[in-house]
Amino acid sequence: MLPLKPPVAPMLSKSASGIPRGDGWIYEPKWDGFRAIVFVDEKKGVPDVFLCSRNGQPLHRYFPELVEAITKAVPTGTVIDGEIIVATRGGLDFDALSQRIHPAESRVKRLAEETPSALVAFDALVVGGKDIRKEPLPVRRKALQKLLRKNPSVRLTPQTTDADEAESWFEIYEGAGCDGVVAKRAEQAYEPGKRVMVKVKHLRTADCVVGGYRDYAAGPGVGSLLLGLYDAEGVLHFVGHTSSFNATERKEVLAKLKPLEGKGGSYGGGRVPGGPSRWTGAKDLSWTSIEPSLVCEVNFEKLQGVRFRHAARFLRWRPDKDPRDCDFAQLEPPKDFSLDDILTR
């Protein structure tokens, strides 16, 4: 019988612009996947695995192959914290991971074979039926190392106390799909739901073509700019939006865009801005196409497939840039390390 029952909120992190230094810090790569608290209990002598998402939702039905692997790799009487990932030869694939959340059992079964998942474990809450959340991180780490049985689908995250090594991870592991670095205090107990860790995420810039805009719903002006990048064949693809404008800027930007309306298609041959869906409901997502002649520089965190995962932040106009130079090649991080390189260190 486990002393903890789902749901249990994971320990959280707060953002920082740089890796903290000094005594008592422990560093790990930041994984790009689904955070999960893993409960391994026993029912009638058979291991029973429950995967709980960050917001308390069950995940185990979507990852049957991972449940099987955890059953073999993690003893009963255990609760651990980790990240569910889908790893490919090119690194982590968040798009493929997102596809795994599907209501149809037949599709879940097929995707379990086509895009198998893995768990990267980085903390232990319960070991041998004992709640160890109040123990310091090195004690919990040692317990986690001891309990994990060798399995290619259940891996232990790397860890270091060397800030310089963590800095190098931040740079070279990006090519394998890692989000950045997480820093934890060695003396820190496990505190569910509290932002007591520090995360340093990649924040990158890109020069994008403005291929259209959406009106501001609450008044006159531009609501968002619709951003595009060219592929190797010269086709412009919609990659996301930016809407970081104040009331005055919204009107100024609209005046800048108006003369470009109706002067040549923008996203005619590539990915186009989406319309209403089950996620957006009845929200007005109509947009106006403009001549793809303006370039702006934006900040973004992550590219997911062929789009920005979150809204980008507008930095400045780039009148010195040729729109045709705004391509996906500028976004490719170095690929010095594969996932296996990271997890076998």
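**A hairpin, a sheet and a helix**

Guide: In this predicted model, β3 and β4 form a hairpin with two residues between them. Lys-44, in the turn, has a positive phi of about 55 degrees.

Visitor: How many bridges hold β3 and β4 together, and in which sense do they pair?

Guide: Strand β3 (residues 34-43) and strand β4 (residues 46-53) are antiparallel and pair over eight bridges. Glu-42 has Pro-47 in β4 as its bridge partner.

Visitor: On to the open sheet. What is the order of its strands?

Guide: The order is β15-β14-β13-β16-β19, with antiparallel pairing. On average, neighbouring strands are turned by 50 degrees against each other, direction ignored.

Visitor: And what does α6 touch there?

Guide: Helix α6 packs on the sheet and touches β13, β14, β16 and β19. Its direction makes about 50 degrees with that of β14.

Visitor: Which residues touch the most other members of the largest nonpolar core?

Guide: Leu-225, Leu-227, Leu-257 and Phe-308 do, in a core of 32 residues. A second, separate core has 31 residues, including Ala-73 and Leu-144.

Visitor: Now α4. Which of its residues are buried?

Guide: In α4 (residues 137-147), the buried residues are Leu-137, Arg-140, Arg-141, Ala-143, Leu-144 and Leu-147. They lie on the same side of α4, because they cover an arc of only 165 degrees around the axis.

Visitor: What covers them?

Guide: Among the elements covering the buried residues of α4 are α1 (64-73), β5 (78-85) and β8 (118-127).

How values were computed. Residues are numbered from 1 along each chain as its sequence is written. This is a predicted model: local features need pLDDT of at least 70, side-chain atom pairs count only at pLDDT 80 or more; totals for chains, interfaces and linings use all residues. Side-chain values use heavy atoms; hydrogens and water are left out. A nonpolar core is a set of buried Ala, Val, Leu, Ile, Met, Phe, Trp, Tyr and Cys residues joined through side-chain atoms within 4.5 Å. Buried means under 20% relative accessible area, exposed over 50%, partly exposed in between (1.4 Å probe, protein chains only). Helices (H or I, at least four residues) and strands (E, at least two) are DSSP runs, numbered from the N terminus. The arc is that of the directions from the helix axis to the C-beta atoms. Contact means heavy atoms within 4.5 Å. Two strands pair if DSSP finds at least two bridges between them. Axes are lines fitted to C-alpha atoms, for helices over the stretch in contact, and angles run from 0 to 180 degrees between N-to-C directions.
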